[in-house]
Amino acid sequence: MAPEGNRPRTRGWLEKELPEDGSRPRKRELALALRPLFLLLNTEESGDSEHRPPTLTEVAELLHSNTTSVSRFASLDPRVPSPAFIEDLHKAACVAAAASGRSVGITPEDLQILRALAEAETRGRCQSCAELGRRIDSLSQQLSTPCPSCEARERQLAADAAQLRALKREVAAMRTAVQEMETTEAGLRARLALANASRTPLPVPPRRGDRQRSEKEKAMARQLAAQAGELDSAGKEDSALILLRHGTTELLNPSETALVMVELREQERDHLADDLIHVYGRDQDDRQVMAVALELHEEGAVNDAGAILRAALK
């Protein structure tokens, strides 16, 4: 007995060309549809490392048929397989395709339709059958021809889908930006809370008429202005304004708030000073705004005193 590697491989039954003589077009279509399914089949001896196609004998045994019938099914011979044979072949091909990660490429319903057409063609070649065959060919060609309106619709759907994906990316980017802002604001709040907790209250509050600023007030104002300046220099102007807004309203008194505004002017952070004046004047109650305006006026920042009062009136 010849070794497995030297055994002759009789697979020419699937390599024979099918002539296009027009005598049996339906049987030719069926044979062309069956051949790829035969090649997919797995047998006990076809699953080796070389992945060779199954032989005629192996296919016949696997499908419980005989070599003569299987050979005729794959050729232009008038012999047409039964519906049960078609069903068994498709199931076996599906199993083999799934195991190898491939696709069968045809549904069992379509395969049965080809079988029925081939059988009708074999039973009678009358003029009416020939005419129906030509009509079927014409309809098949029309169905395979792309519809201009359908293509335009598909292009529009593709464009809409691309636009939707772009909008989703923009929304995701905006959500990320909002989360970053919320994280930054939370961090600033924590820093302000820590600074507030570390403050030592003055034993004696300064008299309102006394213009001598305590070193504590100046240090707090400089620290807040410096932190805002660092954020501004890093390109985080919004975060700097958040720090200034929360710091002046939650930690500092009107006197210290006015010193922060003056300090921002001295650091040439005029845009931060303008924004802080506008926000503070708009959001705080009139008594607080008037107290800050008075402090600014006595510090010589007359224009800023007027600006914060105007902001409170808007």
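# Helices and salt bridges in a predicted model

Q: What separates Glu119 and Arg123 in helix H5?

A: Glu119 and Arg123 are 4 residues apart in helix H5 (residues 108-123), so about one helical turn separates them. The model described here is a predicted one.

Q: Why is the contact of Glu119 with Arg123 called a salt bridge?

A: The side chains of Glu119 and Arg123 meet at 3.1 Å, N to O. The cut-off for a salt bridge is 4 Å between a side-chain nitrogen of Lys or Arg and a carboxyl oxygen of Asp or Glu. The pair of Glu119 and Arg123, at 3.1 Å, is therefore a salt bridge. In general, side chains of opposite charge can pair when their charged atoms come close.

Q: What makes Arg123 and Glu119 exposed or partly exposed?

A: Arg123 has a relative accessible area of 68%, and exposed means over 50%. Arg123 is therefore exposed. Glu119 has a relative accessible area of 23%, which lies between the limits of 20% and 50%. Glu119 is therefore partly exposed.

Q: Why are Lys91 and Glu87 said to form a salt bridge, and where do they lie?

A: The side chains of Lys91 and Glu87 meet at 3.2 Å, N to O, and the limit for a salt bridge is 4 Å. The two residues therefore form a salt bridge. Lys91 and Glu87 lie in helix H4 (residues 83-100), 4 residues apart, so about one helical turn separates them. Glu87 has a relative accessible area of 41% and is therefore partly exposed.

Q: What links Arg265, Asp270, Asp274 and Asp304?

A: Arg265, Asp270, Asp274 and Asp304 are linked in a network of salt bridges. Asp270 has a relative accessible area of 37%, and Arg265 has a relative accessibility of 25%. A search of the whole structure finds 10 salt bridges.

Q: How do you know whether H12 and H13 are roughly parallel or roughly antiparallel?

A: The axes of helix H12 (residues 286-298) and helix H13 (residues 302-313) cross at roughly 165 degrees and come within 7 Å. An angle over 145 degrees counts as roughly antiparallel. H12 and H13 are therefore roughly antiparallel to each other. H12 passes H13 in a left-handed crossing.

Q: Which residues of H12 and H13 meet?

A: Val289, Met290, Val292, Ala293, Leu296 and His297 in H12 meet Val302, Asp304, Ala305, Ile308, Leu309 and Ala312 in H13. By class, the residues of this contact are 10 nonpolar, 1 polar and 1 charged. Asp304 also takes part in the salt-bridge network with Arg265, Asp270 and Asp274.

Q: What makes H8 and H9 roughly parallel or roughly antiparallel to each other?

A: The axes of helix H8 (residues 215-233) and helix H9 (residues 237-250) cross at roughly 165 degrees and come within 7 Å. The cut-off for roughly antiparallel is over 145 degrees, and H8 and H9 are therefore roughly antiparallel. The crossing of H8 and H9 is right-handed. On the side of H8, the contact is made by Leu224, Gln227, Ala228, Leu231 and Asp232, and on the side of H9 by Glu237, Ser239, Ala240, Leu243, Leu244, Gly247 and Thr248. The residues of the contact of H8 with H9 divide into 6 nonpolar, 4 polar and 2 charged.

Q: Why is His64 called exposed, and where is His64 found?

A: His64 has a relative accessible area of 73%. Exposed means over 50%, so His64 is exposed. His64 is found in the loop between helix H2 (56-62) and helix H3 (67-73). Although His64 is not a glycine, its phi is positive, at about 55 degrees. His64 and Phe85 are 21 residues apart in sequence, and their C-alpha atoms are 8.8 Å apart in space.

Q: What is the phi of Glu268, and is Glu268 buried or exposed?

A: Phi of Glu268 is near 60 degrees, a positive value in a residue other than glycine. Glu268 lies in the loop between helix H10 (254-266) and helix H11 (270-283). The relative accessible area of Glu268 is 67%, and exposed means over 50%. Glu268 is therefore exposed.

Q: How many helices and strands does the protein have?

A: The protein has 13 helices and 0 strands. Buried residues make up 32% of its 314 residues.

Terms used. Residues are numbered from 1 along each chain as its sequence is written. This is a predicted model: local features need pLDDT of at least 70, side-chain atom pairs count only at pLDDT 80 or more; totals for chains, interfaces and linings use all residues. Side-chain values use heavy atoms; hydrogens and water are left out. Axes are lines fitted to C-alpha atoms, for helices over the stretch in contact, and angles run from 0 to 180 degrees between N-to-C directions. Helices (H or I, at least four residues) and strands (E, at least two) are DSSP runs, numbered from the N terminus. Angles under 35 degrees count as roughly parallel, over 145 as roughly antiparallel, 65 to 115 as roughly perpendicular and the rest as oblique. A crossing is left-handed if the near helix is turned anticlockwise from the far one by less than a right angle, and right-handed if clockwise. Contact means heavy atoms within 4.5 Å. Ala, Val, Leu, Ile, Met, Phe, Trp, Tyr, Cys and Pro count as nonpolar, Asp, Glu, Lys and Arg as charged, and the others, Gly among them, as polar. Buried means under 20% relative accessible area, exposed over 50%, partly exposed in between (1.4 Å probe, protein chains only).
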